[in-house]
Amino acid sequence: MRKRLSLKKVPLKKSNSQSNFFAGIMYLLLMFGWVGIVRSVVIFYLKRKDPFVKYHFKQWFVLVLSFMFVVLVSIPLLFVLVGFLTFALGLFITFVLMVFGMVYGFSGKQEPLPLIGKLGEKFDF
């Protein structure tokens, strides 16, 4: 006997547009200083089950840590007047990496950030 084919509706896969939005917005919020950092952590807490948001939070976290490292290195160098250059260069590189993160997040790509992205993959939240 032959089985009769049924025409069931196959549920469509959920769109990742919401995940893409939250992953990209975390990088954008970094421009708003500590308020943006707190909001990004809240976004991660609310979306911690989503692997895409979790991946980009790890990348974002390494970006924040590297910027803090640049600031901490630049402060003592201010007395030698080289700190202004290191701070400006670090700020520029952070901004460029933030733009990369926003593009990757909003477009749905799960790629590490240039220069520092491999460090983010080592974190386990």
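Contact means heavy atoms within 4.5 Å of each other. The views show a predicted model, in which local features need pLDDT of at least 70, side-chain atom pairs count only at pLDDT 80 or more, and totals for chains, interfaces and linings use all residues. Residues are numbered from 1 along each chain as its sequence is written, and side-chain values use heavy atoms, with hydrogens and water left out.

**View A. Helix α1 and its buried residues.** Helices are DSSP runs (H or I, at least four residues), numbered from the N terminus. Buried (under 20% relative accessible area, 1.4 Å probe, protein chains only) describes Ser 19, Asn 20, Ala 23, Gly 24, Ile 25, Met 26, Tyr 27 and Leu 29 in α1. The buried residues of α1 pack against α2, α3 (51–77) and α4 (83–107).

**View B. The pairing of α1 with α2.** Helix α1 (residues 17–29) and helix α2 (residues 33–46) pack at an angle of about 160°, and their axes are 8 Å apart. Axes are lines fitted to C-alpha atoms, for helices over the stretch in contact, and angles run from 0 to 180 degrees between N-to-C directions. The two helices, α1 and α2, are therefore roughly antiparallel (angles over 145 degrees). From α1, Phe 22, Ile 25, Met 26 and Leu 29 meet residues of α2 that include Gly 33, Ile 37 and Ile 43.

**View C. The surroundings of Met 26.** Met 26 lies in helix α1 and is buried, with a relative accessible area of 0%. Leaving out residues up to four places away in sequence, Met 26 touches Ser 40, Ile 43, Val 53, His 56, Phe 57 and Trp 60. The C-alpha atoms of Met 26 and Val 41 are separated by 8.3 Å, and these residues are 15 residues apart along the chain.

Note on methods: Angles under 35 degrees count as roughly parallel, over 145 as roughly antiparallel, 65 to 115 as roughly perpendicular and the rest as oblique. Buried means under 20% relative accessible area, exposed over 50%, partly exposed in between (1.4 Å probe, protein chains only).
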